[in-house]
Amino acid sequence: MGIIKTIQQKLMAGEFSCTELTRAYLDAMERDNGSLNAYVRATPEDALAAAAQVDQKLSVKEALLPLEGVPMTLKDNLCTKGIETTCCSNILKGYVPIYNATVWDILQKQGAVLLGKTNMDEFAMGSSSETSCFGGSLNPHDLSRVAGGSSGGVASAVGGNLAAYGLGSDTGGSIRQPASFCGVTGLKPTYGAVSRFGLVAYASSLDQIGPIAPSAEDCAAVYDVISQYDPMDSTSKGALGPASPHLEDGLRGVRIGVPEEYYDGVRPEVLSALENAMAVYRSLGAEIVPFSLPELKYALPVYYILACAEAASNLGRYDGIRYGYRTEHYNGVHDMVCRTRSEGFGKEVQRRILLGNYVLSSGYYDAYYKKAQGLRGAIVKGFHQAFGKCDIMLAPTVPMTAFPLNFTGADPVETYLTDICTVPVNIAGLPALSTPCGCDQDGLPIGMQLIGNTFCENTILAAAHQYEKAAGQYRRTKWGVSL
Amino acid sequence: MSREYELVAGLETHVELSTKTKIFCSCTTAFGSEPNTHCCPVCIGLPGTLPKLNRQVVRSAIRAGLALDCQISEISKMDRKNYVYPDLPKAYQISQFDKPLCRDGSMELSNGRVIRINRIHIEEDAGKLVHEQGDTFVDYNRGGVPLIEIVTEPDFRSIDEVKEYVERLQLTMKYLGVSDCKMEEGSLRCDVNISVRPKGSAAFGTRTEIKNMNSFTYIARAMEYEFSRQVELLEAGETVVQETLRYDVAAGVTESMRGKEDAQDYRYFRDPDLVTILTTGEEIEQLRASLPELPAQKAARFAGQYGLSPADAALLARYPRCADYFDEAAAGLAKPKTAANFLIGQVFSRLGSESAKEACAIPFDAKALHDLAALVEEGKINMGLAKSTLEKMLDSGKGPGELLSAADMEAVDDAKLTELCRAAIEADPKAVEGYLGGKEKALQALIGAVMRATRGRANAAAAEKVLKGLLQP
Ligand SMILES: [Zn+2]
């Protein structure tokens with residue numbers, strides 16, 4: 001049973017009150033966050049106030065809403081009214097939003113208990129959460145390893161039992177990669193399924209909010225609540241229907257596509273874990289369909305060109321005039337903006353802004369941005385055709401397991417290459433999840449990626465859930481709350 | 001010297017649309033409030049906010065396009081124009097780059113020349129810098145107010161053509177109700193591209209652009225200045241530098257704004273936060289059907305239907321509310337010209353200001369004007385009485401029915417006139433004596449008495465004739 005259902009049953013059975021449960025999480029955060037650095041901000045007063053309301057409801061035996069009373073966390077790029085939201089960047093330190101992200105509005109109405117905001121790579125740019133101005137989050141399976149990124153804090157908190165679930169954002173793998181590294185499940189929904197309103201933008205055409213939780217069942221429960229049409233987001237569509245009722249849908253006859261390009265250069269241990277997963281699926285009656293998806297080889301450069309271009313524009317607003325950090329000494333407005341940005345943004349963010357402005361500049365636009373847009377179309381078409389041959393796809397999430405600390409600092413291009421398996425679905429707007437499928441010789445979790453057709457979250461969540469029931473690879477770490 | 005040179009100009013006109021709410025949020029577009037009170041997270045670009053296109057902006061822009069004979073794009077999109085300036089809170093302006101909503105329109109001027117309109121696109125306005133007490137502040141109230149930018153080809157050959165175009169444009173937008181085009185509030189602003197070339201030359205000269213002018217006077221003065229400046233440069237054997245200029249109102253000169261305008265790279269790309277703007281042919285036809293009678297059409301109808309002179313017809317068409325008022329007053333009159341003369345003459349001179357004419361701030365309704373003109377038409381009152389009555393109507397807001405008694409409107413027939421003339425002669429022997437003594441002027445006193453007795457209804461010429469007859473020795 002998923003952690004969300006478990007908690008709600010125990011709350012209703014009176015095993016503990018929501019206040020007791022919340023205090024247990026807050027205490028565990030006090031104790032363990034120093035090791036994991038998952039949270040950058042705890043919100044104990046808000047959490048306890050929300051918990052008290054849930055207890056009030058429980059005392060009159062009122063039924064709980066689907067996520068009510070379940071302690072959770074939000075990535076620090078989701079706007080929370082009255083609670084500092086920094087994107088883990090010096091340039092937004094002290095910034096307190098005056099409005100809520102739509103997802104947080106929905107969850108608050110659902111009686112969610114927010115424990116705090118979690119760590120991330122600065123403005124979601126990075127693969128290890130180490131570009132955070134608060135320092136990186138650590139992997140609950142091995143403190144000498146990173147939690148991954150950019151939603152490393154959420155994955156570390158969930159893997160470290162410091163939250164039942166959390167919401168992250170995924171632009172090129174930022175939910176799936178840290179979920180894979182931390183041995184938990186993370187879902188990037190179809191572009192448009194979840195409102196982006198209140199998600200501080202990195203790359204608007206690629207960003208999508210989604211859950212990270214111990215199991216596919218938990219991810220489905222959260223997805224079903226947050227996947228609503230939002231008039232505030234023009235690109236929002238909402239889900240076609242809830243995924244949870246389909247979790248038990250059998251896999252007999254389901255065609256699982258295996259695009260060979262995803263498996264190029266993958267570490268042997270990862271490859272064998274994936275092969276084991278294929279065997280499990282075969283035993284569940286699914287058919288494994290290998291094929292080639294040659295457009296995938298363009299995905300990485302297309303991703304970095306488009307993401308950096310949009311980021312350069314999205315991040316132009318941090319000028320020190322209206323909010324956030326402002327340099328102390330300056331000479332005129334132009335100098336103030338330049339100094340504020342040079343001092344406020346970290347290296348990786350500055351690198352991507354420069355790259356983005358470069359690919360958009362006249363003289364280079366056609367060679368980079370325009371070409372990348374054209375190839376984006378080709379990748380979308382390639383996936384579309386591939387879904388004629390299969391129902392879902394199976395691929396590694398990352399070609400390797402969690403990096404050692406400071407691995408990503410050395411060579412940015414080598415680090416970008418590790419995103420090779422996660423970026424294609426963002427380019428194509430497809431739903432994908434990562435769920436644990438074994439571990440390497442150091443005991444580090446390996447993640448497998450399930451990719452669905454547009455708005456078919458139910459198929460990949462069901463496939464992950466069925467796998468978990470048959471061969472579950474989720475391993476609880478020693479940290480945090482034990483229920 | 002300048003007679004040997006020809007002016008070539010093109011216009012980019014920014015028109016603020018008078019939608020109730022801004023282009024991407026639900027803030028009001030009202031002008032003139034306390035700074036930063038018409039703002040929300042969206043229009044000040046707080047992190048995480050997203051724009052949502054106000055469909056009314058699309059409809060207004062399409063109506064403007066249709067009124068200017070444009071082709072309407074069924075598929076359009078919004079782009080980001082990236083540049084850094086404190087009044088631009090997102091560091092990009094959401095505009096349209098390569099797929100404007102309307103294209104290929106035109107406007108025919110009174111001299112028969114046609115100005116081609118290249119495109120009309122929609123975009124958001126920026127905020128405003130306020131310099132006070134040695135400090136600079138930003139007011140974002142105007143940020144996100146919807147604009148249309150109307151871009152012509154370089155088809156203007158004189159300042160008068162530019163003036164006529166802008167006036168017509170302004171009037172057309174008012175007719176459509178898409179903008180109030182208040183130049184003094186900045187809701188209509190022009191950038192003028194200007195170059196000169198020897199008369200008869202086919203090639204264009206190097207152009208400069210004078211930015212952001214919001215008065216007819218300044219547009220004309222700036223163009224005059226810039227034309228002479230360029231001609232003088234060429235005459236002196238120098239070259240015109242392509243640059244962006246600002247018109248310094250106080251000094252009456254144009255001056256360079258940015259040294260290297262060409263270095264501005266806006267890095268346009270499609271705004272990923274906004275979806276494709278789709279407009280169906282059916283919607284376009286509905287909008288076309290909703291177009292009102294436009295100024296030129298109205299003036300032509302007034303001339304044809306009511307027999308007004310082209311100048312009077314055009315004058316009335318300039319004030320759409322007064323034109324509607326006139327339409328109502330004219331209905332059923334045999335000679336609507338009388339009512340038009342009342343309106344354009346006495347009433348307009350009493351209204352005085354442009355704004356009063358625009359508001360059609362007449363204290364009585366159209367029926368009252370109709371009634372007055374009808375009384376004249378039916379011969380019940382003469383023009384003199386009509387004019388004095390109109391003054392009273394303007395004073396009191398009352399209609400002629402209330403201001404004129406039954407006696408006033410009683411016809412003054414010949415018998416009555418003779419009777420009144422006799423009475424006047426009997427009452428004023430001194431005037432009679434004077435007249436008979438050779439003072440022609442003394443007769444005026446007798447005519448005046450007759451007019452007073454009839455409260456102006458009598459025909460003064462007829463009275464003169466009767467008096468002269470009665471006093472014949
Ligand atoms: Zn607003």
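Student: How many aromatic pairs does the structure hold over all chains?

Tutor: This is a predicted model. Rings of Phe, Tyr and Trp pair if their centres lie within 6.5 Å. Over all chains, the number of aromatic pairs is 24.

Student: Is the aromatic pair of Y304(A) and Y416(A) stacked or edge-to-face?

Tutor: The ring centres of Y304(A) and Y416(A) are 4.1 Å apart, with 20 degrees between the planes. Planes under 30 degrees apart count as stacked, and those over 60 as edge-to-face. The pair of Y304(A) and Y416(A) is therefore stacked.

Student: Which parts of chain A does the pair of Y304(A) and Y416(A) tie together, and how many residues apart in sequence are they?

Tutor: Y304(A) belongs to helix α9 (residues 299-314) of chain A. Y416(A) belongs to helix α13 (residues 412-417) of chain A. Both Y304(A) and Y416(A) are buried. The pair ties together α9 and α13, parts that in sequence are apart by 112 residues.

Student: Is Y83(B) buried or partly exposed?

Tutor: Y83(B) has a relative accessible area of 22%. Buried means under 20%, and exposed means over 50%. Y83(B) is therefore partly exposed.

Student: Which residues make a nonpolar surface patch with Y358(A)?

Tutor: Y358(A) is placed in helix α11 (residues 347-360) of chain A. At 35% relative accessibility, Y358(A) counts as partly exposed. The patch is about 270 Å², and the residues that make it with Y358(A) are Y364(A) and Y368(A).

Student: Over the ring of which residue does the charged end of K389(A) sit?

Tutor: The charged end of K389(A) is 4.9 Å from the centre of a ring. A charge sits over a ring if, among other conditions, it is within 6 Å of the ring centre. The ring under K389(A) is that of F291(A).

Student: How far apart in space are Q96(B) and F269(B), C-alpha to C-alpha?

Tutor: Q96(B) is in the loop between β5 and β6 (102-108) of chain B, and at 1% relative accessibility it counts as buried. Its contacts include S76(B), H121(B) and I277(B). Q96(B) and F269(B) are 173 residues apart in sequence, and their C-alpha to C-alpha distance is 9.4 Å.

Technical notes
Residues are numbered from 1 along each chain as its sequence is written. Chains are lettered from A and ligands numbered from 1 in the order in which they are written. This is a predicted model: local features need pLDDT of at least 70, side-chain atom pairs count only at pLDDT 80 or more; totals for chains, interfaces and linings use all residues. Side-chain values use heavy atoms; hydrogens and water are left out. Patches are made of residues with over 30% relative accessible area and no salt bridge: like charges are joined within 9 Å, nonpolar side chains (Val, Leu, Ile, Met, Phe, Trp, Tyr) within 5 Å. Accessible areas come from the Shrake-Rupley method with a 1.4 Å probe; for residues, only the protein chains shown count as cover. A salt bridge is a side-chain nitrogen of Lys or Arg within 4 Å of a carboxyl oxygen of Asp or Glu. Helices (H or I, at least four residues) and strands (E, at least two) are DSSP runs, numbered from the N terminus. Buried means under 20% relative accessible area, exposed over 50%, partly exposed in between (1.4 Å probe, protein chains only). Rings of Phe, Tyr and Trp (its six-membered ring) pair if their centres lie within 6.5 Å; planes under 30 degrees apart count as stacked, over 60 as edge-to-face and the rest as tilted. A charge sits over a ring if NZ of Lys or CZ of Arg is within 6 Å of the ring centre and within 35 degrees of the ring normal. Contact means heavy atoms within 4.5 Å. Lists of a residue's contacts leave out its neighbours within four places in sequence.
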